[in-house]
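Have the sequence and the model side by side for this report.

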Amino acid sequence: MSLNWMWFRVKDLDTLRGALSHWKNLSRGPQLAGVKKLVYVYLVRYAEEQQDLALLSISTFQRGLKDPNQLIRASALRVLSSIRVPIIVPIMMLAIKEAASDMSPYVRKTAAHAIPKLYSLDSDQKDQLIEVIEKLLADKTTLVAGSVVMAFEEVCPERIDLIHKNYRKLCNLLIDVEEWGQVVIISMLTRYARTQFLSPTQNESLLEENAEKAFYGSEEDEAKGVGSEDAAAAALPARKPYVMDPDHRLLLRNTKPLLQSRSAAVVMAVAQLYFHLAPKAEVGVIAKALVRLLRSHSEVQYVVLQNVATMSIKRRGMFEPYLKSFYIRSTDPTQIKILKLEVLTNLANETNIPTVLREFQTYIRSMDKDFVAATIQAIGRCATNIGRVRDTCLNGLVQLLSNRDGQCLLECLTMMISECSSTGLTLLVSRYLTVCLGTMCVH
């Protein structure tokens, strides 16, 4: 009889108790500890489904919290916090407080995991749980950091004051925390920094605005006849150069190496942090890391491209050197193709528009009708955004009117009419509508 045999034969708690008694008679010591761990794993799985039977074993779990083996102590706390019965809330609270002071970081980590479970069971315990969270936030071990930050985010995300004295410690521990913990901590620090530090991008725009007003003078100055030189001199003291806070710089410096992480989630978290918190001159470092993720599975590509599509609207310049990385492959799923089209459209400018339009021409020949329709819409957006290629785009759409596919024809007509009408080009409206009506009659 082996541990694996017992694991697969267990059907209910009565069978489990009988098996446990059998093992007690056979052996003691390390082998019994292995049986206990299997028992606790089973109870974690079925504690919510068989709460009445699990309640009968609470005294056993309480003894397990005093076991010399750290794995047994952690497993006992995990099972205890999985029993969703309000009557044992005081027992759970006492167990969590004791575990938060345990010598083993693994047990303290388990205590941090138990905090959100108890909070969801009884939110009235919030004040006591915050005290435990505050204590665990001061923990200097990397094993506990990610778990306690997750508990903080779920129980009291508004208590930013708890982070103040632990901010630098979390920044310094970040590189050594496990990947799941890194994602949680980076997301929390991003939210923290956006509320506690000045935004570099906003300060840059304010400086530009102040400089412009100082150069031209204010309306009141113009009304009073004061010269622009006097207005500029009066405005100069208010224009202070932006100096980044040392703690802000610490966060950027300690997260930058994580752009090389093997975890796509970590890279995405750092990219979002840099996008919101890095100066314009430094934010470009995330582009290469995001492009690297496009070699991953299609699920990862989809999430990355969604973020790139959003980022490229506001900061197009950092992705322009990687334009070819967003070219569409015939093997890409339709959702990936459409997202890449959106990115290519956002990156199109006066310089690269000929290359982008040539690429779009090859996409038009695809057998995927939804993709072809999306390409026609992308061509229309390029015509709207870049005036000098408007006629080229419209002429290309006219040539596509010979396509016999109804969806393709409809997209062409829609984009042409919309483009011509929105730009107020009366002659183009007349010419292209004549072609459109003739084509509709033929079809």
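Two residues are in contact when they have heavy atoms within 4.5 Å. The model is predicted.

**The chain as a whole**

The chain holds 26 helices and zero strands. It has 443 residues, and 46% of them count as buried. Take the contacts between residues at least 6 apart in sequence: 66% of these join residues at least 24 apart.

| Helix pair | Angle | Axis separation |
|---|---|---|
| Helix 8 (residues 105–121) and helix 9 | roughly 155° | within 11 Å |
| Helix 9 (residues 126–137) and helix 10 (residues 142–155) | about 150° | 10 Å |
| Helix 18 and helix 20 | about 10° | 11 Å |

Start with helix 9 and helix 10. Their angle is about 150°, and angles over 145 degrees count as roughly antiparallel. Helix 9 is therefore roughly antiparallel to helix 10. Their crossing is left-handed. On the helix 9 side, the contact uses K126, I133, L136 and L137; on the helix 10 side, it uses V144, V148, V149, A151, F152 and V155. Nine of these contact residues are nonpolar, none is polar and one is charged.

How do helix 8 and helix 9 run, roughly parallel or roughly antiparallel? They cross at roughly 155°, so the two are roughly antiparallel to each other. This crossing is left-handed. Helix 8 contributes R108, A112, I115, L118 and Y119, which meet K126, L129, V132, I133 and L136 of helix 9. The contact divides into eight nonpolar residues, no polar ones and two charged ones.

Helix 18 and helix 20 pack at about 10°. That angle makes helix 18 roughly parallel to helix 20. From helix 18, A264, M268, A271, Q272 and F275 take part; they meet V300, V304, N307, M311 and K314 of helix 20. Here the count is seven nonpolar, two polar and one charged.

**Helix 13**

Helix 13 covers residues 179–196, 18 residues in total. From first C-alpha to last it reaches 25 Å, close to the 26 Å expected at 1.5 Å a residue. Which of its residues are buried? They are G181, Q182, V184, I185, I186, M188, L189, T190, Y192 and A193. Their cover includes helix 10, helix 11 (161–164), helix 12 (167–173), helix 17 (246–255) and helix 18 (264–277).

S187 also lies in helix 13. Its relative accessible area is 40%, so S187 is partly exposed. S187 and E153 are 34 residues apart in sequence, yet their C-alpha atoms are 9.8 Å apart in space.

**Helix 21**

Helix 21 runs over residues 334–347 and has 14 residues. Its end-to-end C-alpha reach is 20 Å, close to the expected 20 Å. Buried here are I336, K337, L339, K340, L341, V343, L344, T345 and L347. What covers these buried residues? The cover includes helix 20 (298–314), helix 22 (353–363) and helix 23 (369–385).

Definitions and conventions. Residues are numbered from 1 along each chain as its sequence is written. This is a predicted model: local features need pLDDT of at least 70, side-chain atom pairs count only at pLDDT 80 or more; totals for chains, interfaces and linings use all residues. Side-chain values use heavy atoms; hydrogens and water are left out. Helices (H or I, at least four residues) and strands (E, at least two) are DSSP runs, numbered from the N terminus. The expected span of a helix is 1.5 Å times one less than its number of residues. Buried means under 20% relative accessible area, exposed over 50%, partly exposed in between (1.4 Å probe, protein chains only). Axes are lines fitted to C-alpha atoms, for helices over the stretch in contact, and angles run from 0 to 180 degrees between N-to-C directions. Angles under 35 degrees count as roughly parallel, over 145 as roughly antiparallel, 65 to 115 as roughly perpendicular and the rest as oblique. A crossing is left-handed if the near helix is turned anticlockwise from the far one by less than a right angle, and right-handed if clockwise. Ala, Val, Leu, Ile, Met, Phe, Trp, Tyr, Cys and Pro count as nonpolar, Asp, Glu, Lys and Arg as charged, and the others, Gly among them, as polar.
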